[in-house]
Amino acid sequence: MAANHLQAARGARDISSLGRPDLLARAEPPAPAGQRNFTNLNGALASYPSPDKWDHWTEFESAQWPRKIQRNYMLVPTLCFNCEAGCGLLAYVDKDDLKIRKIEGNPLHPASRGRNCAKGWVTLNQIYDPDRILYPLKRAGKRGEGKWVRVSWDEALDDIAARMRKAMQEDRRNEIMYHVGRPGEDGFMFRTLAAWGTDGHNSHTNVCSSSARVGQFLWNGSDRPSPDFTNADAILLISSHLDTGHYFNPTAQRIIEAQMSGAKLIVVDPRLSNTAAKADIWLPAYSGTEGALLLAIARHLLETEQYDAEFVREWFNWADYLRAAHPGDEVSFESFIRRVKEEYAEFTFEYAAEETGVPAELIAEAAQAVARAGKRLSVHIWRAAATGNLHGWQIARCLYFLPSLTGAIGTVGGTGLASWHKFVPAHPNGAPGPKKWNELLYPPEYPLAFFEMSFLMPHLMKDKGHRVEVYFTRVYNPVWTNPDGFSWVEMLRDEEKMGCHVALTPTWSETAWFADYILPMGVATERHDNQSQETHPATWVGFRQPVLRVARERLGERFETTRETNPGEVWEENEFLIELSWRVDPDGSLGVRRHFESPYRPGEKITVEEYYRWMFENGVPGLPEAAAKEGLSPLEYMRKYGVFTVEDGIYEVHMSELNGGAEGAEIDPLTGAVRKDGQAIGSMSRGKPRAGFATPSRKLEFYSPTLAEWKWADQAIPRYEKTHVYWRELDRSRNEFDLLPNYRLPTLIHTRSAVKWLYEITHNNPLWLHTEDAQRLGVKTGDLVRVETEIGRFVTRCWVTEGLKPGIVAMAHHLGRWRLHEEMGAPRLASALVRLDEKDGQFQMRQIHGAEPFQSQDPDTARIWWREVGVNQNLAFPVNPDPLSGMHCWHQRVRVFKAAPEERYGDIEVDTGKSFEHYRKWLEMTRPAPGPGGLRRPLWFTRPNKPQPEAYKLPG
Ligand code: SF4
């Protein structure tokens with residue numbers, strides 16, 4: 001497909017007819033070369049200044065109405081940093097005082113198309129947050145004691161660099177770890193860690209999406225889907241995530257477009273989420289029973305012959321399945337269909353209804369909608385059931401069975417692959433992967449984990465004696481976000497095992513409190529990053545940039561670093577990391593420095609400007625040509641517009657013809673597999689050799705030979721497996737419930753959303769409780785309840801509702817921020833001041849007061865009217881690592897009681913000794929490496945910062 005062809009693909013829906021009759025129609029403003037202007041998307045809306053006016057834009061200040069105060073703006077594009085969608089923003093810089101006065105959407109951005117969610121707008125709050133950290137801080141007392149002194153960047157850099165250098169010289173590179181919560185960028189940190197030679201990339205993936213990822217990856221070699229929602233006839237979501245969590249704005253607007261064009265929205269969720277409330281068919285299945293429901297739909301497709309037989313014959317690895325599972329059978333497609341029908345024969349609608357608690361007629365209605373949609377079936381799972389349940393990855397396997405059966409893989413309106421639609425440009429001066437494996441991140445017990453066993457870090461360090469010399473946390477708050485946060489407190493306080501903790505963060509957090517250094521990093525308008533996401537069937541690259549630096553450079557000033565234009569001494573990570581790397585290896589003897597040298601000035605330190613100049617000149621196809629048409633360099637183009645569409649209308653990439661055809665290859669006459677030197681390189685389809693999928697067989701692996709080889713043969717095909725919170729095993733007479741703690745709210749996102757506009761909307765996370773259960777417990781909305789987990793308890797208020805199934809309780813996970821100091825430790829408008837008592841691993845937290853008004857340079861902080869700010873339930877959760885995917889299975893078996901008179905809102909008690917025992921219990925379920933060839937992990941499995949092949953061999 002040619003780059004930048006922006007016309008709709010054949011069969012794609014013309015959404016321009018979805019008019020907005022309330023707005024005046026206007027001509028679409030001009031778009032630059034290689035771009036499309038989305039302001040006129042709905043046929044009528046033209047509410048953005050056209051890009052040719054972004055240098056000079058005048059309008060009246062709306063907040064001053066009815067006075068007419070004229071503002072003269074310069075508009076600078078950047079990207080939102082508040083979830084992983086990377087939506088476009090336009091910062092309105094007042095040319096008179098160089099203040100950013102408002103943030104709106106970037107109408108050129110192909111994913112967000114000028115729109116943002118509430119979390120995008122509050123970037124402005126983040127810039128002017130009165131509690132943000134503006135200078136580097138170093139701890140003065142014991143770690144966690146709360147004593148801080150301001151230090152210079154030089155002092156911090158030299159100390160950290162010296163520790164890293166020593167670790168490298170002593171062959172302890174893997175003791176340098178970088179633990180990221182919100183990456184918001186593509187590739188800079190991978191290449192930095194590769195340059196440092198450490199297998200030290202740690203992430204939050206295993207508390208977020210591991211099971212969803214591995215479930216899809218085993219099918220087709222891509223760990224996320226990328227549905228074409230806009231053109232779908234049916235959308236099946238096992239998640240409320242897309243309409244509330246990340247990818248929220250780009251996906252929600254496309255799902256709504258599809259619904260407006262008549263698509264059926266089917267949502268499986270035991271809770272009436274925002275998404276479920278908008279569904280045509282809501283299927284409130286009991287947690288962990290979703291697999292039964294999905295297999296009933298699959299059975300319906302098979303039994304009624306409503307699957308795409310040609311697609312299944314060409315693309316399923318059915319011969320592998322037959323040879324492994326039914327060696328006596330004739331190896332033919334007909335045998336396969338017969339056997340598959342047998343495999344799933346028990347999954348009638350009636351059986352699924354008994355398991356899920358959803359009426360059989362509703363399941364049948366959903367199945368018929370799926371069958372009717374055929375190739376226009378879009379599906380997605382993220383968080384929700386996959387992250388909640390033991391074997392949640394099998395729920396994802398069952399889900400992707402459906403578009404695979406209907407032939408909806410990569411079609412218009414179907415379910416594409418993230419690897420087709422996410423674009424990562426080349427970076428300058430790359431380095432090979434690390435030479436040594438880090439067992440703290442990828443322990444041998446979890447060879448198939450996606451990815452690092454990040455949330456087990458305290459338990460693994462305690463259990464196996466690991467040590468970390470320099471530990472960077474970057475926009476990551478595990479003490480508050482992860483389960484069992486007090487085990488994190490214990491780990492971070494241990495100065496023997498944890499050499500130096502450096503928190504790279506724009507704001508205070510519960511985790512930064514236990515750091516040695518807090519280094520202030522920029523928010524979305526104060527940093528450089530390249531970012532792309534699989535938001536729709538296209539590839540694009542977005543450019544996050546420091547708005548005031550760009551604005552002032554447009555006015556003719558020049559700066560050495562972004563720090564010079566940011567508030568206080570706030571820096572950006574990229575410049576910090578370049579400088580740190582030079583100080584780690586000042587003479588180049590460690591082999592680090594050369595990866596941070598300028599491609600334009602040999603031997604000299606690369607500037608951040610040169611970094612992106614090189615990327616945009618060399619790593620983004622079509623960009624140099626588009627820029628030239630505008631009379632700009634590629635970097636100037638990206639500075640001006642903030643985004644570039646690399647390719648649009650990307651469908652059915654697996655059908656690309658094999659480069660060089662099948663020359664010198666063997667073609668299996670039975671299955672169409674194309675092999676060279678014993679390796680599958682493609683597959684025949686419609687008479688031609690095609691590239692296929694990124695699996696070892698190049699097929700869709702209905703049967704996973706990898707699982708069979710790695711001791712999981714019993715799970716090699718999509719199966720319905722019972723969860724650890726299976727509803728029939730909960731004893732209602734003992735007040736046992738299944739707690740759903742892993743859903744998001746549309747207005748908040750983890751640590752950084754603790755700002756005034758969002759907290760004014762949402763500042764509490766009561767426990768959802770069904771009316772029947774509330775009557776049984778003798779409580780009503782607003783009453784205090786005690787929730788007992790397997791390692792402790794917490795007290796919160798309940799909210800009585802019929803928006804979830806009886807026997808299930810639910811609590812949003814964003815809230816419950818806490819701090820140990822009146823003025824520091826967490827944003828004051830969003831956190832409770834608490835007292836923390838502790839003895840021998842027994843922790844007790846009690847709230848002293850909640851949010852209160854306070855004086856600051858922002859008059860709004862004196863007007864704070866909310867008091868209770870939620871309860872940090874995660875502290876009381878034990879770790880539940882899924883033995884295959886490594887996912888923390890978030891759902892909890894809890895007991896709920898009316899609170900006793902002495903119990904208070906926000907009380908939390910935890911025993912970390914019990915939590916360690918719980919970790920050991922779940923560890924027993926694993927099936928450790930080695931796999932075939934003595935390997936630690938299948939070589940074809942992806943992982944960030946992939947080590948060199950020799951590191952995969954398990955010693956001994
Ligand atoms: S969806 Fe995510 S990236 Fe987009 S505006 Fe909202 S928070 Fe920002």
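Modeller: By the rule used here, a pair of cysteine sulfur atoms within 2.5 Å, the count comes to 0 disulfides. This is a predicted model, where local features need pLDDT of at least 70 and side-chain atom pairs count only at pLDDT 80 or more, while totals for chains, interfaces and linings use all residues. Residues are numbered from 1 along each chain as its sequence is written, and side-chain values use heavy atoms, leaving out hydrogens and water.

Biologist: How do you know that C889 is in no disulfide?

Modeller: The nearest cysteine sulfur belongs to C208 and is 14 Å away, whereas the cut-off is 2.5 Å.

Biologist: Why is C889 called buried?

Modeller: Buried means under 20% relative accessible area, exposed over 50%, and partly exposed in between, with a 1.4 Å probe and protein chains only. C889 has 0%, and is therefore buried. C80, at 8%, is buried too.

Biologist: What makes α5 and α15 oblique to each other?

Modeller: The axes of helix α5 (residues 210-220) and helix α15 (residues 392-406) cross at roughly 45 degrees and come within 7 Å. Angles under 35 degrees count as roughly parallel, over 145 as roughly antiparallel, 65 to 115 as roughly perpendicular and the rest as oblique. The pair is therefore oblique.

Notes:
Axes are lines fitted to C-alpha atoms, for helices over the stretch in contact, and angles run from 0 to 180 degrees between N-to-C directions. Helices (H or I, at least four residues) and strands (E, at least two) are DSSP runs, numbered from the N terminus.
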